Amino acid sequence: MSRSVAPRSSRTAVPQDRSPGRRREHAAQRRRKFSPEFRDEAVKMVVVESRPITEVAREIQVNEGTLGTWVSRYRQEYA
């Protein structure tokens, strides 16, 4: 009697560290909260001073996409 065998995936499973301490540590590094005042100042640097998003984002150490989202929301609200 022969058994049918499902084809193996080309990817192999990589064990992950599931300890709660490490998980929180990584999440804290990835997700930062910014105050409304900080966001407003960042948006003003782009909109009022006509500076590029990439330059301002680098200067204030925020992801370009994040700053771009803030600027887009501002322009939709106040345009």
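Student: In what order do the elements of the chain run from the N terminus on?

Tutor: This is a predicted model, in which local features need pLDDT of at least 70 and side-chain atom pairs count only at pLDDT 80 or more, while totals for chains, interfaces and linings use all residues. Residues are numbered from 1 along each chain as its sequence is written, and side-chain values use heavy atoms, with hydrogens and water left out. The chain has 4 helices and 0 strands, where helices (H or I, at least four residues) and strands (E, at least two) are DSSP runs numbered from the N terminus. Read from the N terminus on, the elements therefore run α-α-α-α.

Student: At what angle do helix H2 and helix H3 pack?

Tutor: Helix H2 covers residues 36-47 and helix H3 covers residues 53-60, and their axes are 9 Å apart. Such axes are lines fitted to C-alpha atoms, for helices over the stretch in contact, and angles run from 0 to 180 degrees between N-to-C directions. On that scale, H2 and H3 pack at an angle of about 140°.

Student: Which residues in H4 does H3 meet?

Tutor: The axes of H3 and H4 come within 9 Å and cross at roughly 120°. By class, the residues of this contact divide into 5 nonpolar, 2 polar and 1 charged. From H3 the partners are Ile53, Thr54, Val56 and Ala57, and the residues they meet in H4 are Glu64, Leu67, Gly68 and Val71.

Student: Is Val43 buried or exposed?

Tutor: Val43 has its place in helix H2, and it is in contact with Val48, Leu67, Trp70, Val71 and Tyr74 when neighbours within four places in sequence are left aside. Val43 and Trp70 are 27 residues apart in sequence, yet 6.7 Å apart in space, C-alpha to C-alpha. Val43 has a relative accessible area of 7%, and therefore it is buried.

Student: What is the relative accessible area of Lys44?

Tutor: Lys44 also belongs to helix H2. Its C-alpha lies 9.6 Å from that of Tyr74, although 30 residues separate Lys44 and Tyr74 in sequence. Lys44 is partly exposed, with a relative accessible area of 45%.

Student: Which side chain is joined to that of Arg51 by a polar contact?

Tutor: Arg51 is found in the loop between H2 and H3, where, leaving aside neighbours within four places in sequence, it is in contact with Met45, Val46, Val56 and Glu59. A polar contact is a pair of N or O atoms within 3.5 Å; within protein, one must be able to donate a hydrogen and the other to accept it, and residues adjacent in sequence count only if both atoms are side-chain atoms. At 3.0 Å, such a contact joins the side chain of Arg51 to that of Glu55.

Student: What is the phi of Ser50?

Tutor: Ser50 lies in the loop between H2 and H3, and it is exposed, with a relative accessible area of 61%. Its phi is positive in a residue other than glycine, with a value near 55°.

Student: Where is Gln61 placed?

Tutor: Gln61 has a positive phi of about 60° although it is not a glycine. Gln61 is exposed, with a relative accessible area of 61%. Its place is in the loop between H3 and H4.

Definitions and conventions:
Contact = heavy atoms within 4.5 Å. Nonpolar A, V, L, I, M, F, W, Y, C, P; charged D, E, K, R; others polar. Buried < 20%, exposed > 50% of the residue type's maximum accessible area, 1.4 Å probe, protein only.
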